[in-house]
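Work through the exercises below with the sequence and the model at hand. Each task is followed by a solution in steps.

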Amino acid sequence: DDPSTIHRGLSTIKVFEGMEATSIGVQNTCIINKKGVHDRRLIWLPVALLLISSYVHLSHVTRHYFSPRNDNHFLPQSSLNNHTNDQTILFADAEGSAKLLLRAAQTPRHIPDEPLDEQIEAERCKRYKLNYSGRQTRRRVFYGSLIADDSWHPISISALENYGIFHSVAFVESNRTQMLYERKLRFDPSSERLKVLQGGMFGPSTRVTVDYYVNENKWPHSLGRENHQRSSIIKRWKENGMTIDDIGYLADVDEIFTRDFIRAMQICEVRQFDHHGNCKDPAIKAGALVFEGAPDCLTRRQWSHPDLILGACIEGIANSSMHPPVERAWEGLGWLGDGYTRKTQFSALPKNTTHYPLKNAADFRRNSVGTTLYGNSGYHIHNFFANIDVMRNKYKTYGHPVKQAEEIPLGEIHNDLKSMIHCGLNRTAVDSKSRYTLVEGGFKSLDNGSIPVAFGIPGYVEARMKELRDMLQLDEEDKRINLD
């Protein structure tokens with residue numbers, strides 16, 4: 001279990017026998033097999049984005065509903081006027097309407113909500129039934145996500161929503177899916193794709209890093225492998241300077257808190273940050289609106305990610321000596337075992353316990369750690385792919401795989417896709433049969449400007465809806481779509 005360390009130039013790779021390899025920055029990596037480090041090679045690596053869809057039952061959750069505010073002053077004026085110099089914009093492999101998003105995301109602009117105004121912050125906190133006590137310094141936010149085959153739509157939508165907010169962004173990409181399918185890493189260090197990601201789209205001073213998980217072993221697999229990958233995010237947060245007073249924001253790229261809500265988390269009195277009972281109840285989850293494939297395809301489903309936990313309660317950031325040892329799933333790689341969570345009443349801990357278990361990356365995704373869910377506080381930008389083939393491959397090779405996803409009718413793969421088909425092809429007459437029915441009017445039905453910043457880019461909504469319709473029609477012609 002003793003780590004060996006490989007030094008190459010400015011990179012340091014900590015290697016645990018038979019387990020993992022993560023590269024620091026975008027320099028290199030090494031290949032691990034059951035015998036340890038068999039092959040230490042310099043590999044030019046890419047960066048991509050992982051879309052994981054896991055349905056979480058919302059039990060033991062407190063819900064607060066509100067209408068957050070977003071408007072166009074967070075967009076560059078050039079994108080609103082459709083006037084910018086494309087010679088300064090990198091589009092990489094983006095297609096169609098995604099170029100509109102990339103143009104806006106890469107356009108330098110000021111951050112209008114950066115100056116702290118006590119009256120504005122007090123009003124913001126009130127919208128979430130929180131108090132503002134006069135705090136003069138915002139909590140820092142450290143963002144992390146797995147990254148794989150997502151299109152530029154969710155990447156850009158997330159960057160536009162969060163521009164200038166994150167202290168740093170930590171991505172982790174794997175050479176295999178959770179179900180061990182081999183995949184090609186997308187973002188070569190010399191490619192435009194990586195340049196776009198690290199070129200300031202998340203903010204003028206936001207550092208973006210990509211670490212690589214390269215594991216040729218068959219274990220861990222499924223959720224175990226997913227959780228093991230996410231553990232690298234917390235390691236990166238620590239290297240980026242995260243402290244016990246900072247917020248950890250863990251997500252998949254298509255899971256996004258609203259800008260207004262994350263600003264509130266930075267400045268308001270938040271029980272889970274200020275009075276969490278020594279990590280007894282430290283987690284916050286979104287009550288996210290779900291858009292299936294396009295902005296007009298808003299469904300009645302609610303998603304419970306992304307997730308926030310303060311550094312004081314994160315394993316690897318906080319001082320573990322004050323907190324009890326625990327048992328975890330997946331031979332210690334996964335979430336807290338029964339008896340170590342609020343849902344199971346901490347029955348495995350002594351009755352006089354005053355400090356509760358620290359949370360790892362797997363715990364962020366679990367409701368059992370004790371959560372408060374704020375309704376309509378985020379967005380799930382789901383299945384915004386550039387083509388149907390990539391979408392089908394996701395359902396075949398990632399979590400909860402469908403082996404015949406490349407052959408069977410699209411609507412038979414997952415209920416989410418039925419909603420998308422009905423919306424994209426305007427089959428509203430059969431939408432009532434969907435598990436998650438559509439909201440009439442799509443994003444336009446939302447009150448008080450509660451829509452993603454990106455949807456305000458002129459022409460984007462219409463262009464994306466046309467793309468979705470065209471993709472579905474092509475799939476229909478291929479006789480793979482299910483319209484019932």
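Helices (H or I, at least four residues) and strands (E, at least two) are DSSP runs, numbered from the N terminus. The model is predicted: local features need pLDDT of at least 70, side-chain atom pairs count only at pLDDT 80 or more, and totals for chains, interfaces and linings use all residues. Residues are numbered from 1 along each chain as its sequence is written, and side-chain values use heavy atoms, with hydrogens and water left out.

**Exercise 1.** Locate Asn162 and decide whether Asn162 is buried or exposed.

Step 1. Asn162 sits in the loop that joins α4 (152-161) to β7 (168-174).

Step 2. Buried means under 20% relative accessible area, exposed over 50%, and partly exposed in between (1.4 Å probe, protein chains only). Asn162 has 0% relative accessibility, so Asn162 counts as buried.

Step 3. Look for a polar contact, that is, a pair of N or O atoms within 3.5 Å; within protein, one must be able to donate a hydrogen and the other to accept it, and residues adjacent in sequence count only if both atoms are side-chain atoms. The Asn162 side chain reaches the backbone oxygen of Ser158 at 2.9 Å.

Step 4. List the contacts (heavy atoms within 4.5 Å). Leaving out residues up to four places away in sequence, Asn162 touches Phe202, Tyr249, Ile256, Phe257, Arg259 and Ile262.

**Exercise 2.** Find which residues of α3 are buried and which are exposed on the other side.

Step 1. Helix α3 spans residues 118-127, and Glu121, Arg124 and Cys125 are buried there. They lie on the same side of α3 because they cover an arc of only 95 degrees around the axis; the arc is that of the directions from the helix axis to the C-beta atoms.

Step 2. An α-helix has 3.6 residues a turn, so residues three or four places apart point the same way.

Step 3. Gln119 and Lys126, on the other side of α3, are exposed. The buried residues of α3 pack against α7 (259-267).

Step 4. Check the ends. At the N-terminal end, Asp117 caps α3, with a side-chain oxygen 3.0 Å from the backbone nitrogen of Gln119. Just after α3, Lys129 takes a positive phi of about 60 degrees.

**Exercise 3.** State how many residues of α11 are buried and what covers them.

Step 1. Eight of the ten residues of α11 (residues 415-424) are buried; among them are Leu417, Met420 and Ile421.

Step 2. The cover includes β11 (283-292), β12 (298-303), β14 (371-382), α10 (388-397) and α12 (460-477).
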